[in-house]
Amino acid sequence: MAERRTSLSTHDPGLFSRPCGNKSVLVTGAAGSVGSALCVELAKAGCARLGMLDHFDHGLLEISEAAAKANPKLHTADILCDVRDRERLDAAFARFAPDIVIHCAALKHVHLGERHPGESVLTNLVAVRNVLNASARAGAEQFMLVSSDKAASPVCVMGATKRLAELYLIGFQMERASAMLLKSVRFGNVMGSQGSVAPRFANQIAAGGPLTVTHPGMQRFFMSAREAVDLILGVIALEDRGAPKGAAYFMEMGESVPILELGTQMIEQSGKRIAIEFTGLRPGEKLKEQLFDEYEAVSSCELDGVYRVMPSSPDAYITSADIGALEVVARTAENAEVRRRVFAKLDACLGRELAAVG
């Protein structure tokens, strides 16, 4: 793979304004770390209208003000709505009539997802169905799903629901005729994002320690918020001729970063004497993440340092009915059964053994 570039925007400064310059863009999860950075960039790029949707009222107010400050002439709309609420979502999309929808809303924390698997299903899978269908009914031209590197060889519920959401983009295209372009992007850990390791380490150092690391061999891929935004907008702008519908994309991120090394560097920079404690791997954690797995085919695309990934099997997709069945399980079953059913559905799609995820 190509050597990692620091920012996709170095390729063509005008690349990202072209697909959004005369379009109405709606971002879900707009109050999140990536969603808010994306909204500010879209405001600067000069999209025609910017819709910002979130159910976190204070965060939505903050990003609305930040977008207006970035471009006072831009027509903006704050949409206080839960992506799980299908009826209100449909009404909001019908009113705003987006051309491009970027779905950032998600539950991303591995450990909470393991303790509350039903919530992961409802937000990371059922809500994707809701937003995707609302987008189609509103006449959107393009839908972008923000996914995760944890969707590759997933061992946590969060990663499994993200992978199933990616597979639903394929199933959606199969079960209904739609001219809407569907794509997804897989992220590594975004430095400085809410709940990420660097801010947690910073807080622990400020408190005098100890700095807690789960395992001395833990490694993760990292990207900056700038890189995350560039990847989203770069893939939206990408005219990937001949690409299968529902393709996922990821950015070459070089070697994964040892978490212990990151923590040690932060301690050295602080000038403090901080103890390090190892707490052990938690449920759903892997020592090292990956960007694709053995059940996928990877190919290059027209963006340097960005790769397209698609399932190897033509049977690797899920339908709206599959999501409906998992929704019932998520709302009614015990946690262990929810987790079992999520992985059973994924394993059936990919043709892998259940034992592979424990």
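Me: Let me start in the sheet: how many bridges link β5 and β6, and is the sense of pairing parallel or antiparallel?

Reply: Strands count as paired if DSSP finds at least two bridges between them. Here β5 and β6 pair over seven bridges, in the parallel sense, and Phe143 stands opposite Leu182 in β6. On strand β4 (residues 100-103), four bridges join the strand to β5 (residues 142-148), again parallel, with His103 partnered by Leu145 in β5. Helices (H or I, at least four residues) and strands (E, at least two) are DSSP runs numbered from the N terminus. This is a predicted model, in which local features need pLDDT of at least 70 and side-chain atom pairs pLDDT 80 or more, while totals for chains, interfaces and linings use all residues. Residues are numbered from 1 along each chain as its sequence is written, and side-chain values use heavy atoms, leaving out hydrogens and water.

Me: In what order do the strands of the open sheet come?

Reply: The order is β3-β2-β1-β4-β5-β6-β11-β15-β14, nine strands with mixed pairing. At the edges, β3 (75-80) and β14 (296-300) each pair on one side only. From one strand to the next, the twist averages 20 degrees.

Me: How many residues of β6 are buried?

Reply: Six of the seven residues in β6 are buried, so the strand is mostly covered (buried means under 20% relative accessible area, exposed over 50%, partly exposed in between, with a 1.4 Å probe and protein chains only).

Me: Which strands does helix α8 lie across?

Reply: Helix α8 (residues 225-237) lies across β4, β5, β6 (181-187), β11 (248-251) and β15 (306-311), and runs at about 160 degrees to β6. Angles go from 0 to 180 degrees between N-to-C directions, and axes are lines fitted to C-alpha atoms, for helices over the stretch in contact; contact means heavy atoms within 4.5 Å. Helix α2 (residues 57-70) lies across β2 (49-54) and β3, at about 165 degrees to β2.

Me: At what angle do α7 and α9 pack?

Reply: Two packed helices are described by the angle between their axes and the distance between the axes. For α7 (residues 197-206) and α9 (residues 259-270), the angle is about 40 degrees and the axes are 10 Å apart. That makes α7 oblique to α9 (under 35 degrees is roughly parallel, over 145 roughly antiparallel, 65 to 115 roughly perpendicular, the rest oblique). In α7, Val197, Ala198, Phe201, Ala202 and Ile205 meet Ile259, Leu262, Gly263, Met266, Ile267 and Ser270 in α9. By class, this contact of α7 with α9 holds nine nonpolar, two polar and no charged residues (Ala, Val, Leu, Ile, Met, Phe, Trp, Tyr, Cys and Pro are nonpolar, Asp, Glu, Lys and Arg charged, the others, Gly among them, polar).

Me: And at what angle do α6 and α11 pack?

Reply: Helix α6 (residues 157-175) packs on α11 (residues 335-350) at about 45 degrees, with axes 10 Å apart, which makes α6 oblique to α11. Val157, Ala160, Thr161, Arg163, Leu164 and Leu167 in α6 meet a set in α11 including Arg339, Phe343 and Lys345. Nine nonpolar, one polar and three charged residues make up this contact of α6 with α11.

Me: Which bond joins Gly209 and Pro210?

Reply: Most residues other than glycine have a negative phi, and most peptide bonds are trans. Gly209 and Pro210 are joined by a cis peptide bond, omega about 0 degrees, and Pro210 is in the loop between α7 and β8. Ala97, in the loop between α3 (86-96) and β4, has a positive phi of about 55 degrees.
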